[in-house]
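The sequence and the structure come first.

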Amino acid sequence: MQTYFNQYLSHHQAAIDSIPVDQVERIVNLLKTCWEEDRQLFVFGNGGSAANASHFITDLGKGASDKLGKRFRCLSLNDNTAWLTALGNDYSYDDVFAGQLQNYAQPGDLVLTMSVSGSSPNLVKAVQWANDHGLTSVALVGGKRGKLADLAHEVIVIDSEHYGRVEDAHMTICHMLCYAFMEN
């Protein structure tokens, strides 16, 4: 088992090492502009990425906002189960995020999505909607890249296709984004 764990950690470190720090800095600058201009940030994903979206918004909305004194206007679109299921049932699961953006989003707002595959139809539809309506889009994806890598304005690709390692690297990026405000 120790050999397996050592190999796992070695591959995990390689995924973390593939995080492009210059691109993380560009996203920090987008968040800073969003905060300065009192714009809204919407974050969303599926499965483990949904949990990461909720975690990220908690850290940004509370931790970073507490440190800055001015609040981030941020929302995880994964967190209203009733609305998600109404949109999924009455329209399509592909509409669960774009449908919420239609109610909340304004030109100049920011969306950030996370996806290991980069091709989840509901994420792709939401990012396309955001792009078509004057929002800035950011996608954190895995090594397959998927449609999101071609669609989003800013993209960070983690050099792995392993779901756990990519999700961990995405959460590391989310922590970097938050702590750039909390520790700088």
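A salt bridge is taken here as a side-chain nitrogen of Lys or Arg within 4 Å of a carboxyl oxygen of Asp or Glu. By that rule the count is six salt bridges. The model is predicted, so local features need pLDDT of at least 70 and side-chain atom pairs count only at pLDDT 80 or more, while totals for chains, interfaces and linings use all residues. Residues are numbered from 1 along each chain as its sequence is written, and side-chain values use heavy atoms, with hydrogens and water left out.

**Salt bridge within a helix**

- K62 and D66 form a salt bridge through their side chains, at 2.7 Å from N to O.
- The two residues K62 and D66 are four residues apart in helix α3 (residues 48–68), which means that about one helical turn separates them. Helices (H or I, at least four residues) and strands (E, at least two) are DSSP runs, numbered from the N terminus.
- K62 is exposed, at 51% relative accessible area, whereas D66 is partly exposed at 41%. Buried means under 20% relative accessible area, exposed over 50%, and partly exposed in between (1.4 Å probe, protein chains only).
- A network of salt bridges links K62, D66 and R71.

**Other salt bridges**

- Which parts does the pair of K125 and D95 tie together? The side chains of K125 and D95 meet in a salt bridge of 2.4 Å, N to O. K125 belongs to helix α6 (residues 121–132) and D95 to the loop between α4 (81–90) and α5 (98–104), so the pair ties together parts that are 30 residues apart in sequence.
- D95 is buried, with a relative accessible area of 15%, while K125 is partly exposed at 39%.
- R39 makes a salt bridge with E37, and the closest N and O atoms are 3.4 Å apart. R39 is partly exposed at 29% relative accessibility, and E37 is partly exposed at 45%.

**Helices α1 and α8**

- The axes of helix α1 (residues 2–17) and helix α8 (residues 163–182) come within 9 Å and cross at roughly 45°. Axes are lines fitted to C-alpha atoms, for helices over the stretch in contact, and angles run from 0 to 180 degrees between N-to-C directions.
- α1 and α8 are therefore oblique to each other. Angles under 35 degrees count as roughly parallel, over 145 as roughly antiparallel, 65 to 115 as roughly perpendicular, and the rest as oblique.
- The crossing of α1 past α8 is right-handed, a label used when the near helix is turned clockwise from the far one by less than a right angle.
- On the α1 side, Y8, H11, H12, A15 and I16 meet G164, R165, D168, A169 and T172 of α8; contact means heavy atoms within 4.5 Å.
- The residues of this contact divide into four nonpolar, four polar and two charged. Ala, Val, Leu, Ile, Met, Phe, Trp, Tyr, Cys and Pro count as nonpolar, Asp, Glu, Lys and Arg as charged, and the others, Gly among them, as polar.

**Positive phi angles**

- Most residues other than glycine have a negative phi.
- D38, a residue other than glycine, has a positive phi near 55°. D38 lies in the loop between α2 (21–36) and β1 (40–45) and is partly exposed, with a relative accessible area of 42%.
- R145 is not a glycine either, and its phi is positive at about 70°. R145 sits in the loop between β4 (136–141) and α7 (146–151) and is partly exposed at 38% relative accessible area.
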